[in-house]
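Notebook open, model on screen.

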Amino acid sequence: MSLSVRVRTAVAVVVAGVLLVPAPPATAAPPAEGPPTAGSAATEPARSTLVSPCQLPTPVTGWQHEGPTNYATWLPPSGTVRGIVLFVDFTDAAPVSGERAGRTTMFGAAPNFFTQSSYGALNLQLTFDTAWRHIPQPHTAFAGYNTSFSAQRSYLAAAVAAANSAIDFSLYQIVYVVPPKSAGTFTNSPAWVAAPGGGVTADGVELRHAVTFGQDVDYWGYKILNHETGHLFGLPDLYSYNNSDSIHRAVGGWDVMGLISGASPDLFAWHKWKAGWLADSQIDCRTTTGSAPATLTPLGTTGGTKAVVVHTGGNTAVVVENRQVSTLDVASGCFQAGVLVYRVTTSVFSGGASPGGNVPPIGGPFPVEVVDRTPGSDVASCSTAEKALVNATLTAIGHTVTYGGVTVELTATPGNDRTVSVTVV
Ligand SMILES: [Zn+2]
């Protein structure tokens, strides 16, 4: 089947809400950042041979998912990963003075997010090109860059060609492309992943991982680089590709792969385990019925047990983690520290895309869904996207949630650690 058709259809659902107005108020529905065209990468084989019994099997897919990552396609998120940030202008769109410096300063904050979130396992090194490189075409020639793998590839190839005399691309694993603010064609910022053989060749290497930024970077700020790079590492979107006013209902602001501007953007323990930043020994894996305690160290600190994972069967698990304010979080009434419980599944993919289908289902389910301790209770002072799940956490001894036969009770709060009793029936 045509993978590009699958992607094009998905984007058409989302892009309708993407065209931006300047500086939307904080309470406005955020722009959909758009699904990555990584769906055009080579189809991954189904895999059922797993190291841990709490990992989840992955069906055949070309989308990002919550199962073990196939690094033949996706980029390994460990050690030093080098990215080049290109600035490109066009025959009909030029930058204004200071624009490149402003973008350089903004995106310069992004690597530290990964350093902190990965406990130092990932060192993203960004090199910012020192000049605008000229693409001898109007920017409108690249309309559609966010609707298909091939159109985005054409834009990437033009950017690489424009910069090739000045840049040694053999030094880099990721190419980031930044257009001037006057290039209105570029609205959102999709990631792009090519299977081996499908990339753009320069300086003797094949470039297979890229992000083409749009004007939505002014809304999201530097963390859109973290979100899109997360896609290059194989992480799925946790918001819904169904363009509605509640597209963030699955995880609210609890992971940067959901709401980029959320108050608690550190990556879920599940994602850190998938990325290899947490060892199997830091996951308390449960595969049988019964009740047992666990003491969880805060997600944002190094060491200790980070999560209880209950494999509830098939493609699904329930995860328990301890969220305390970390250097990545925004300390406010919209971050309620406590024990967070969520359901993970590999039965659906990035943004709620369904296996085998070419149209993401409307209304989920989602790769991850937070289990809300206080269903129907919003924190009205928080953003529309976050307010339903801000108070999902277990914050006081005796607080309990039950989901899928798994009951989690907060039983003790020693320092910043949290002790829970997890019962599986
Ligand atoms: Zn995304």
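This is a predicted model: local features need pLDDT of at least 70, side-chain atom pairs count only at pLDDT 80 or more; totals for chains, interfaces and linings use all residues.

**Surface and overall make-up**

I began with the accessible surface of the chain, which comes to about 14500 Å², and 55% of that belongs to carbon and sulfur atoms. The areas come from the Shrake-Rupley method with a 1.4 Å probe, and for residues only the protein chains shown count as cover.

Residues are numbered from 1 along each chain as its sequence is written, and side-chain values use heavy atoms, with hydrogens and water left out.

I looked up burial next: of the 425 residues of the chain, 57% count as buried. Buried means under 20% relative accessible area, exposed over 50%, and partly exposed in between (1.4 Å probe, protein chains only).

For secondary structure I have 7 helices and 16 strands. These are DSSP runs numbered from the N terminus, helices being H or I with at least four residues and strands E with at least two.

I also checked the contacts, meaning heavy atoms within 4.5 Å. Among those with a separation of 6 or more, 68% are between residues 24 or more positions apart.

**Disulfides**

How many disulfides are there? I get 2, taking a disulfide as a pair of cysteine sulfur atoms within 2.5 Å. Counting bonded cysteines along the chain, the pattern is 1-2, 3-4.

One joins cysteine 54 to cysteine 285, with S to S at 2.1 Å. The torsion about that S-S bond is about 90 degrees, so this disulfide is right-handed. Cysteine 54 sits in the loop between helix H1 (3-15) and strand S1 (79-90), and cysteine 285 in strand S8 (residues 283-286), so the pair ties together parts 231 residues apart in sequence. Cysteine 54 is buried at 0% relative accessibility, whereas cysteine 285 is partly exposed at 28%.

The other pair I noted is cysteine 334 and cysteine 382, with their sulfur atoms 2.1 Å apart. Here the S-S torsion is about -105 degrees, so the disulfide is left-handed. Cysteine 334 lies in the loop between strand S11 (316-323) and S12, and cysteine 382 in the loop between S13 and strand S14 (400-403), so this pair ties together parts 48 residues apart in sequence. I have cysteine 334 as buried at 15% and cysteine 382 as buried at 6%.

**Salt bridges**

I count 6 salt bridges in the structure, each a side-chain nitrogen of Lys or Arg within 4 Å of a carboxyl oxygen of Asp or Glu. I wrote up some of them.

Lysine 272 and aspartate 266 meet at 3.0 Å, N to O, and both residues are buried.

Aspartate 284 pairs with arginine 286, with the closest N and O atoms 2.9 Å apart. Aspartate 284 is partly exposed at 22%, while arginine 286 is buried at 11%.

Glutamate 369 and arginine 343 meet at 2.3 Å, N to O. This pair links distant parts of the chain, with glutamate 369 in strand S13 and arginine 343 in strand S12, 26 residues apart. Is arginine 343 buried or exposed? It counts as buried, at 5% relative accessibility, whereas glutamate 369 is partly exposed at 27%.

**Two loop residues**

Threonine 346 is in the loop between strand S12 (338-345) and strand S13 (368-370). It is buried, at 0% relative accessible area. What does its side chain reach? I find the backbone oxygen of proline 57 at 2.7 Å.

Alanine 392 is in the loop between S13 and S14 and is buried at 1%. Leaving out residues up to four places away in sequence, alanine 392 touches Leu340, Val370, Val371, Asp372, Arg373 and Thr374. I also looked up proline 375: its C-alpha is 7.8 Å from that of alanine 392, and the two are 17 residues apart in sequence.

**Helix H4**

Last, a length check on helix H4 (residues 149-163). The expected span is 1.5 Å times one less than the number of residues, so the 15 residues should span 21 Å, and the end C-alpha atoms are 21 Å apart, which agrees. The buried residues of H4 are Phe149, Gln152, Tyr155, Leu156, Ala158, Ala159, Val160 and Ala163.

Notes: A polar contact is a pair of N or O atoms within 3.5 Å; within protein, one must be able to donate a hydrogen and the other to accept it, and residues adjacent in sequence count only if both atoms are side-chain atoms.
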